[in-house]
Amino acid sequence: MIQVYNTMDGHKVEFVPRDAGKVSMYVCGPTVYNYIHLGNARPIVVFDTIRRYFKYAGYDVTYVQNFTDVDDKIINRAQEEQSTASAVAEKYIAAYFEDVRALNVLKADVHPRVTEHMPQIIALVEQLLARGAAYEVNGDVYFAVENFQDYGKLSGRDLEDMLAGARVRVGEQKRNPMDFALWKAAKPGEPSWQSPWGEGRPGWHIECSVMSKEYLGDNFDIHGGGADLIFPHHENEIAQAEAASGCTFARYWLHNGFITVNDEKMSKSLGNFFLLREILEKFPGDVVRFYLLNTHYRSPIDFDDEKLQIAAKSLGRIRNAYLLLQELAEQPEASDASADAAMRRATETLRCCFAEAMDDDFNTALAIAAIFDYTKAINTYARQAEAATLADGLQLMEALDEVIACIKPQPAAGIGANDEMIGRLMDLIIEVRQQARQKKDWGTADYIRDALKDCGIALEDGADAVRWKLI
RNA sequence: GGCGCCAUAGCCAAGCGGUAAGGCAGAGGCCUGCAAAGCCUUUAUUCUCCAGUUCGAUUCUGGAUGGCGCCUCCA
């Protein structure tokens, strides 16, 4: 049984999908007016991992993540870059895929864009008008929050409280200060679309209500995003969708915590953000992914370089064990009944603990701890385990890495094609060095090892064999 | 002002009613030509503080203190 923390309930609940065996997920994607920063990367990695775990658990997953490609910020950016809104959007969508690929994030089944769903958006606005849930003023259309009884149910606030302390700019046209735009009349020079209310463009929230329904239907399973989207974005999505359909919009609302810098939220307005691509210049993507998954998705994570260095080192420990397991699975060394049994037990323990941890609201930190326990078992017992046991273990590790997606080393750029050649050269170098070692010519042996290290290759003189790996 | 979250070893971080996982760093040992990797031992009588409930609380309740977030675009 999978339990998820549902923001709507404020506690963990059993996850029961709308359709048995299937999971429908919608995750709010970026507004594409800039490169993404680390804070933006967290939900992408977190929900990618959740999606992957559902697959691991045997569900058939449909995963949708949108791009907001029409928005004030994009329009402003287009002016700054002396470009057009759609060119800006294209540019940053391409950059998004580049950045996120480094983090081993799978593509969504659908990446819908706002600009490609205008007819559906207009239809929903018309429906809301027809139902009296919205009203039109001079080409703008607003959602009337007072007419929606459940307004505030996700964020746990009521209209009166919000109005009391609201820093709401006085919207001359709005009947209630909390009303929000479904459709905005076009200003000169802005991208716009023809509608029953004249030229204009959609408000921010309407797109997600429309596109989730388009690809997942009403009452889909999981809606995810950063905790800062709870209000007003998700609250407003619910209001629009439910006022129109009359049924529950999303069944479970999952929200990730923030990345902080010196305990303050990383955000554009504070200027304390780090672009993902800057970080990726210093650390590999799998290390960044591992760092993000080492903390439960709802807790805050404080960012600094040292934490990534620690993550790199920790991940290295897991990876070493994985590589050893892989090597032994191909070529078992010896067999000892009790070691083999211990190894077998460790594999089953990992299988259980991993699932148990992930079933409990995707506790990746605990799941990773189980993998650390397993690395110890590999290092201790794998050399005396039988081929079948090792194959089982390796198969499990690979299956788990389909979920956390950071253990298997990324093929180093440029090496892949010449794997065999490099392997032969390394055999040669190691052979020469071994000859030096036999003659106790430590100077030459150490020189070769140091020189290789400078090339990014580490040598380890094991009792049985010399191993090399890229660092 | 309203709503909410968090406080666990030097650092990071799980656990959330039954007597403190895991990682990093540190100390000692084994292995090694030296390294590296790895293994073993060790590092919180205690979970911010004060009350309460309980046979028993880090875990539940109330309060205090400290930190953070949302209420405006934000992942």
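**View 1. Alanine 445 and its contacts.** Apart from neighbours within four places in sequence, alanine 445 touches Arg433, Ala436 and Arg437. This is a predicted model. Alanine 445 is part of helix α15, which runs over residues 442-454. Is alanine 445 buried or exposed? Its relative accessibility is 1%, so alanine 445 counts as buried; the cut-off for buried is under 20%. Look also for glutamine 434. Along the sequence, glutamine 434 and alanine 445 are 11 residues apart. In space, their C-alpha atoms are 7.5 Å apart.

**View 2. The whole of chain A, for orientation.** Chain A has 471 residues, and 48% of them count as buried. Its secondary structure comes to 15 helices and 15 strands. The C-alpha trace spans about 90 × 50 × 35 Å along its principal axes. Take the contacts in chain A with a separation of 6 or more: 76% of them join residues 24 or more positions apart. The accessible surface is about 22,200 Å². Carbon and sulfur atoms account for 49% of that surface.

**View 3. Tyrosine 26 with phenylalanine 220, a tilted ring pair.** How many aromatic pairs does the count give? It comes to 23 aromatic pairs. One of them joins tyrosine 26 and phenylalanine 220, with 6.4 Å from centre to centre and 55° between the planes. This pair links distant parts of the chain, 194 residues apart. Tyrosine 26 belongs to strand β3 (residues 22-27), and phenylalanine 220 to strand β9 (residues 220-226). Both tyrosine 26 and phenylalanine 220 are buried.

**View 4. Phenylalanine 290 with phenylalanine 372, an edge-to-face pair.** Why is this pair of phenylalanine 290 and phenylalanine 372 edge-to-face? The ring planes of phenylalanine 290 and phenylalanine 372 stand at 75°, with centres 6.4 Å apart, so the pair is edge-to-face. The cut-off for edge-to-face is over 60 degrees. This pair also links distant parts of the chain: phenylalanine 290 sits in helix α9 (residues 285-293) and phenylalanine 372 in helix α12 (residues 364-381), 82 residues apart. Phenylalanine 290 has 1% relative accessibility and counts as buried. Phenylalanine 372 has 22% and counts as partly exposed.

**View 5. A cluster of rings, and two charges over rings.** Which residues do ring pairs link into a cluster? They are Phe15, Tyr53, Phe54, Tyr56, Tyr59, Tyr252, Phe354 and Phe362. Now turn to the charges. Lysine 265 lies over the face of phenylalanine 258, 4.5 Å from the ring centre. Arginine 298 has its charged end over the ring of tyrosine 5, at 4.0 Å from the centre.

View 6. Just after α6 comes glycine 217, with a positive phi of about 85°.

**View 7. Lysine 187 in a loop.** Where does lysine 187 lie? Lysine 187 is in the loop between β7 (180-185) and β8 (200-202). Its relative accessible area is 54%, so lysine 187 is exposed; exposed means over 50%. Arginine 201 is 14 residues from lysine 187 along the chain, and their C-alpha atoms are separated by 9.8 Å.

Notes:
Residues are numbered from 1 along each chain as its sequence is written. Chains are lettered from A and ligands numbered from 1 in the order in which they are written. This is a predicted model: local features need pLDDT of at least 70, side-chain atom pairs count only at pLDDT 80 or more; totals for chains, interfaces and linings use all residues. Side-chain values use heavy atoms; hydrogens and water are left out. Rings of Phe, Tyr and Trp (its six-membered ring) pair if their centres lie within 6.5 Å; planes under 30 degrees apart count as stacked, over 60 as edge-to-face and the rest as tilted. Helices (H or I, at least four residues) and strands (E, at least two) are DSSP runs, numbered from the N terminus. Buried means under 20% relative accessible area, exposed over 50%, partly exposed in between (1.4 Å probe, protein chains only). A charge sits over a ring if NZ of Lys or CZ of Arg is within 6 Å of the ring centre and within 35 degrees of the ring normal. Contact means heavy atoms within 4.5 Å. Accessible areas come from the Shrake-Rupley method with a 1.4 Å probe; for residues, only the protein chains shown count as cover.
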